[in-house]
2 protein chains.
Amino acid sequence: TTNRVKAAPLLLTMERASRGWAQAVIINSGNANACNGKQGLQDAFSMGEEAARLLKIPREYALVASTGVIGQPMPMEQILPGIATAAAALNKDGSGAAAEAIMTTDTEPKEAAVCFSLNGARITIGGMAKGSGMIHPNMATMLCFLTTDAGIAPGCLKDILRYAVDRSFNMITIDRDTSTNDMVLLLANGKAGSREITEESKEYYFFRENLTRVCTHLAKSLARDGEGATKMLEVQVINAPTEAGARLAARAVAGSNLVKTAIFGEDANWGRILCAAGYSGAEFDPGQVDIFLNGIQVAKSGCSLSFSENEALETLAASTAQILIDLKTGSFNATAWGCDLTYDYVRINAHYRT
Amino acid sequence: TTNRVKAAPLLLTMERASRGWAQAVIINSGNANACNGKQGLQDAFSMGEEAARLLKIPREYALVASTGVIGQPMPMEQILPGIATAAAALNKDGSGAAAEAIMTTDTEPKEAAVCFSLNGARITIGGMAKGSGMIHPNMATMLCFLTTDAGIAPGCLKDILRYAVDRSFNMITIDRDTSTNDMVLLLANGKAGSREITEESKEYYFFRENLTRVCTHLAKSLARDGEGATKMLEVQVINAPTEAGARLAARAVAGSNLVKTAIFGEDANWGRILCAAGYSGAEFDPGQVDIFLNGIQVAKSGCSLSFSENEALETLAASTAQILIDLKTGSFNATAWGCDLTYDYVRINAHYRT
């Protein structure tokens with residue numbers, strides 16, 4: 001997270017992960033352990049300590065993540081026995097159970113994996129994630145945990161992960177509220193036996209591409225499962241003068257309340273799309289822009305195009321709304337994902353605690 | 001507006017207003033004259049031309065504003081006769097009728113005025129505004145027109161207006177979507193007979209304070225009338241290390257979908273407030289922050305404080321929710337206004353065109 005308010009487990013994990021080495025992640029849902037002062041830090045430390053003791057690894061190799069209610073003390077009398085139970089249940093097929101265990105208001109678990117060859121070795125990247133908005137009183141707590149058996153130097157791994165996250169998790173928006181607990185972790189153990197990736201190379205780019213695929217799949221699962229969502233929103237900006245501009249515009253459109261409500265209402269309201277791109281900070285000439293909704297062109301060179309409202313209505317009934325914005329002034333592209341804004345979003349978030 | 005997509009009347013008015021002199025503003029609602037290409041510019045020009053001709057003033061002194069649907073040609077065959085009717089109906093008591101005429105989805109007209117003495121002369125500042133969200137298919141079109149009989153040099157007037165707008169209209173948020181037509185205009189004619197204000201002085205600051213009062217009153221009216229709103233939201237950030245930080249934090253909290261839904265649900269969900277301040281970009285120490293909801297302290301030094309949920313529920317039933325955030329790390333304050341996010345907001349914006 002970039003939030004100034006950081007939960008205790010995040011502070012602990014940021015420090016430990018910065019060293020580049022880890023062997024275990026202990027995760028709880030139900031309590032975010034945020035805004036708990038010194039006791040929160042002590043509890044996060046104890047969770048890591050207990051996990052390390054049970055797994056017989058150095059304490060610095062145990063990372064900690066939490067998701068749930070803010071500002072309530074951690075129920076350590078339940079957490080510590082839970083860690084023992086989880087440690088005893090560790091097995092190679094447990095990832096599905098873990099992906100379910102970390103869900104909060106998610107309606108389904110999120111998992112993804114790819115296999116590919118790298119210099120003759122069979123490499124796997126797997127991951128799981130949770131999140132569907134700012135859930136429980138105040139946590140978004142998008143969490144994602146990735147593992148791979150590829151061998152990669154910590155510095156390379158960090159660069160590769162940043163690249164993949166920028167193009168996946170950093171391109172989704174549910175409600176433009178970022179949380180105090182967001183976290184993406186990637187652990188690599190080198191057990192696949194391929195040559196270690198230590199610098200930018202053909203292998204580096206190939207691995208990065210595969211990691212981005214896994215992250216994008218998980219990110220789209222999060223967007224599709226956004227709180228109250230009935231439709232996923234995919235916004236592609238093409239032919240922008242810069243990559244940063246393409247990403248700004250795509251994210252602004254995917255995050256606009258007015259675009260999101262229009263998509264919920266299955267309304268081909270292209271003016272809201274152009275307007276959101278306009279305030280995104282991206283540079284473009286509004287008089288050049290073409291807009292397509294699920295393949296139907298609705299605007300040409302920034303002006304209205306007569307299109308069949310019936311045809312538009314029909315295509316907008318699909319579970320994914322694809323918005324394509326062609327800025328026609330460069331060669332950079334970006335894609336962002338989001339979801340519609342619905343009565344259920346309001347209901348879930350207005351009445352969660354009461 | 002700072003939107004890259006600017007409506008034709010805005011382009012015309014920006015150019016004319018930059019010269020510092022104007023005598024009339026012609027305003028239409030129902031059609032925003034945005035995304036209409038060259039024809040849109042021609043139509044805006046014709047509107048100003050016709051108003052200037054009827055009022056016998058130089059064409060450069062006629063400003064033009066529009067609000068309504070985007071991407072549809074202006075019905076000039078209705079507009080031109082309308083300008084003649086409006087010009088014939090001009091009178092000293094017509095401001096109320098004008099304030100009503102520019103409404104779109106507003107539920108009530110917005111007007112404000114103050115009178116005060118300046119060097120023995122009786123000065124009046126009056127204003128009207130419209131807006132309650134991004135209305136009609138895609139326009140927010142917050143419009144505001146201010147007049148005064150004080151005498152002020154154009155340069156001074158511009159600085160004073162910027163100051164007042166930064167603390168009023170730039171501190172309100174309905175749905176974080178900015179429009180293609182936003183405009184605030186201030187005309188001064190010097191008829192009150194006071195000495196002209198030409199530089200920063202006691203009179204300059206006194207006038208500025210009064211203008212800010214008028215603008216703040218209008219801005220709050222806009223926030224209270226936000227689309228679907230049941231409550232106004234007033235967010236005060238105090239004791240911030242910088243003014244910019246105070247304003248960033250106040251606006252982020254007032255604009256957060258999660259804060260807005262919690263206020264709709266009358267839920268004393270202070271973690272969402274701290275979280276939004278945390279991602280605002282403002283610098284502060286989360287461990288220092290106190291938070292009050294309608295006078296009830298709900299967080300102390302960044303931690304939960306036990307408070308009566310019943311008492312909180314009762315106070316949140318009021319039509320204004322006041323959030324006070326004490327950062328306790330400086331001496332700068334700022335206030336932002338917004339409204340709750342409700343089922344009606346979703347309904348209005350999902351089904352407007354269909």
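Ile323(A) is placed in strand S11 (residues 320-326) of chain A; helices (H or I, at least four residues) and strands (E, at least two) are DSSP runs, numbered from the N terminus. The model is predicted, so local features need pLDDT of at least 70 and side-chain atom pairs count only at pLDDT 80 or more, while totals for chains, interfaces and linings use all residues. Residues are numbered from 1 along each chain as its sequence is written, chains are lettered from A and ligands numbered from 1 in the order in which they are written, and side-chain values use heavy atoms, with hydrogens and water left out.

With a relative accessible area of 1%, Ile323(A) is buried; buried means under 20% relative accessible area, exposed over 50%, and partly exposed in between (1.4 Å probe, protein chains only). Apart from neighbours within four places in sequence, the residues in contact with Ile323(A) include Leu233(A), Val235(A), Val253(A), Ile263(A), Ile273(A) and Phe292(A), where contact means heavy atoms within 4.5 Å. Between Ile323(A) and Phe206(A) there are 29 Å in space, C-alpha to C-alpha, and the two are 117 residues apart in sequence.

Over all chains, the structure holds 9 aromatic pairs. Rings of Phe, Tyr and Trp (its six-membered ring) pair if their centres lie within 6.5 Å; planes under 30 degrees apart count as stacked, over 60 as edge-to-face and the rest as tilted. One of the pairs is edge-to-face and is formed by Phe116(A) and Phe206(A), at 5.4 Å centre to centre with 85 degrees between the planes. Phe116(A) belongs to strand S3 (residues 110-118) of chain A and Phe206(A) to helix H6 (residues 202-224) of chain A, so this pair ties together parts that are 90 residues apart in sequence. Phe116(A) counts as buried at 8% relative accessibility, and Phe206(A) as partly exposed at 35%.

In chain B, Phe116(B) and Phe206(B) also form an edge-to-face pair, with 5.4 Å centre to centre and 90 degrees between the planes. Because Phe116(B) lies in strand S3 (residues 110-118) and Phe206(B) in helix H6 (residues 202-224) of chain B, the pair ties together parts 90 residues apart in sequence. The relative accessible area is 8% for Phe116(B), which is buried, and 34% for Phe206(B), which is partly exposed. Ring pairs also link Phe264(A), Tyr343(A), Phe264(B) and Tyr343(B) into a cluster.

A charge sits over a ring if NZ of Lys or CZ of Arg is within 6 Å of the ring centre and within 35 degrees of the ring normal. The charged end of Arg208(A) sits over the ring of Tyr163(A), 3.4 Å from its centre. Arg208(B) lies over the face of Tyr163(B), at 3.4 Å from the ring centre.

Asp340(A) is found in the loop between strand S12 (332-339) and helix H11 (343-350) of chain A. Asp340(A) is buried yet has no salt bridge, and the nearest side chain of opposite charge, Lys231(A), is 5.8 Å away. A salt bridge is a side-chain nitrogen of Lys or Arg within 4 Å of a carboxyl oxygen of Asp or Glu; Lys and Arg count as positive and Asp and Glu as negative, with His and the chain ends not counted. The backbone nitrogen of Lys231(A) lies 3.1 Å from a polar atom of the Asp340(A) side chain.

In chain B, helix H9 (residues 270-279) has 10 of its 10 residues buried, so the helix is largely enclosed by the rest of the structure.

Technical notes. Polar contact = N/O pair within 3.5 Å; in protein donor to acceptor, adjacent residues only side chain to side chain.
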